[in-house]
Amino acid sequence: MSTAQSLGFDGASNEYRLQRKGLLKGDADKIAARELQYLWARSHHLCRNNAAAITAKNRLQAHWIGAGIKVNWSSNALQKLWDSFASDPSIDGWGDLYNLQNLWAGGYFESGEIFTRMIVQRTPGQSVPLKLQTLEAEYLDPLFYAPENTNYGIKFDQFGRPLEYNFWKRNPYSISHIGTGTIERVAVPASDVLHIFKRDRPGQWRGIPKLTSVMLPLYEMDELTDATLVRQKAAQAIGWIIKKREQGALPLIGALQTEPVQSTDPETGKSKKLQKILPGGIHYLQNDEDFVFASTDDIGPNLVVLLEHQWHLIASALDVTYEQLTGDLSNVNFSSIRAGLIEFRRRVAVIQQLIFINLAMKPLTTRFKELASIYTNLDVKTATCKFILPKTEWVDPLKDIQADVLEIQAGLATLHEKLGQRGIEDFEDHIKTLTEEQGLNIVLTTNPSKNAKPDAKAGNNTSGRSMTTDRSNQNEGNNGNQ
């Protein structure tokens, strides 16, 4: 009896169809550690040169971070301190906090992980002494092992929790350090490190580049399109080819009207004859010559089908829609693009919450609050914060607004929450501005206490009633007037 017949699952077979495919064993970090350097290099290369990789990275950065994940503190005094910190958080002085968030998104996409050190450092004009240093994945050597449970560059305790990150002092691929052997490592407490990555398996502590599963298809797609372009260029460059006739064949009537042009092949250096072709001219051949048109075989009409199929698979693996990856909206209608956006935004929301908020913004705001309580006289023990995500636009903005209003009226959401989703951070200031514009007796259509049904006996609307009423309200008002 063969091995395949004796197994209960075909997937466990080692016969011809599967052989030794996918039988490398080990935890996620052990498997990845040996190959992460190659994955990083190829991912960086694709993000520099491949149009699809660049497009996917830019699209996801725009949706993950947008103009920034903002923080709204319950304490106005703490909010002012945070705004001062967020305006200049980087230890090297580059950009504001939202620039760093965009950098986190780019590093997460390209390398699968990115690190940020939280450093206590006083800065003129800032009361809270906190600075951030962002490090690429290459700063943590995945092949660094040491005694006392140090694996993949990280020292763990007996429960598998990180204690220290052993970073290189400088990027190991920096030109000034290659071959000098002068790079040193520095151990940084895990409590001072924001490690931004996606865990796919239990116990995993090193991230995998987003492009890993599509690297081969992207390179092959480049080669396919390049080969197709070269083939077409060759077909257009060669008009026809002169060949000698067989011995004894009947000669063609006529003679050459012009002498062949002598030329030299730039590759071989040998002399060759080129017959000049004139538009609309009649060209006669030698008695022993004939000509054939140059033609090359290609994939034909199936090329477009193949390309679309591959781009759909690549887009799905990168968590973007086909239309976002290619810019092709030719086969899209309202329903299909809305359904695609809903699924896409669900994936975006997962990354925003699980990666950038839970692993970066929450630990950062916690450290900021701790330092504020130490270095200022503020009582911030009860202070809380909310994270305001970038606003998203729907295909039909009118329906989006109507849906928000219905959610508020049904009690499924608050006005404060909906304003925050639209990028309005200061709720009180927004209401104050509305009051100044429309008067002190402002009534929103979403206010249930001011938009109750009219008194049937009075037959008249209350002064605060919304102008929008349903048909049942109108009937009740008419009955009251009668």
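Lys-169 is exposed, with a relative accessible area of 52%; here buried means under 20% relative accessible area, exposed over 50%, and partly exposed in between, computed with a 1.4 Å probe on protein chains only. The model is a predicted one, in which local features need pLDDT of at least 70 and side-chain atom pairs count only at pLDDT 80 or more, while totals for chains, interfaces and linings use all residues. Residues are numbered from 1 along each chain as its sequence is written, and side-chain values use heavy atoms, with hydrogens and water left out.

Lys-169 sits in the loop between strand E6 (162-168) and strand E7 (185-189). Helices (H or I, at least four residues) and strands (E, at least two) are DSSP runs, numbered from the N terminus. Not counting residues up to four places away in sequence, Lys-169 touches Tyr-139, Ile-183, Glu-184 and Val-186, where contact means heavy atoms within 4.5 Å. The C-alpha atoms of Lys-169 and Leu-140 are separated by 9.8 Å, and the two residues are 29 apart along the chain.

For the protein as a whole, there are 14 helices and 13 strands. It has 482 residues, of which 32% count as buried. Among contacts between residues at least 6 apart in sequence, 64% join residues at least 24 apart.

Helix packing can be followed from H3. Two packed helices are described by the angle between their axes and the distance between the axes. The axes are lines fitted to C-alpha atoms, for helices over the stretch in contact, and the angles run from 0 to 180 degrees between N-to-C directions. The axes of helix H3 (residues 36-49) and helix H4 (residues 51-64) cross at roughly 90° and come within 6 Å. H3 is therefore roughly perpendicular to H4; angles under 35 degrees count as roughly parallel, over 145 as roughly antiparallel, 65 to 115 as roughly perpendicular and the rest as oblique. On the H3 side the contact is made by Leu-46, Cys-47, Arg-48 and Asn-49, and on the H4 side by Ala-51, Ala-53, Ile-54 and Lys-57.

H3 also packs against helix H6 (residues 97-111), with axes that come within 8 Å and cross at roughly 120°. This pair is therefore oblique. Trp-40, Ser-43, His-44 and Cys-47 in H3 meet Phe-109, Glu-110 and Ser-111 in H6.

Cys-47 is buried, at a relative accessible area of 11%. Cys-385, by comparison, counts as partly exposed at 25% relative accessibility. A disulfide is a covalent bond between the sulfur atoms of two cysteines. With the criterion of a pair of cysteine sulfur atoms within 2.5 Å, a search of the whole structure finds 0 disulfides.

The next helix to consider is H10 (residues 334-375), which has a kink of about 50° centred on Ile-357. The bend at a residue is the angle between axes fitted to the seven residues ending there and the seven starting there. At the start of H10, a side-chain oxygen of Asn-333 reaches to within 3.2 Å of the backbone nitrogen of Ser-335. Such a polar contact is a pair of N or O atoms within 3.5 Å; within protein, one must be able to donate a hydrogen and the other to accept it, and residues adjacent in sequence count only if both atoms are side-chain atoms.

Gln-352 also lies in H10 and is buried at 6% relative accessibility. Leaving aside neighbours within four places in sequence, Gln-352 is in contact with His-63, Trp-64, Ile-357, Leu-389 and Pro-390. Val-395, in the loop between strand E13 (385-388) and helix H11 (397-409), is partly exposed, with a relative accessible area of 33%. Not counting residues up to four places away in sequence, Val-395 touches Phe-334, Ile-337, Arg-338 and Leu-341.

Leu-303 is in helix H8 and is buried, with a relative accessible area of 17%. Apart from neighbours within four places in sequence, Leu-303 is in contact with Leu-224 and Thr-228.

Two loop residues other than glycine have positive phi. Asp-319, in the loop between helix H8 (302-317) and helix H9 (322-326), has a phi of about 65°. Asn-149, in the loop between strand E3 (130-135) and strand E4 (150-151), has a phi near 60° and is partly exposed, with a relative accessible area of 38%.
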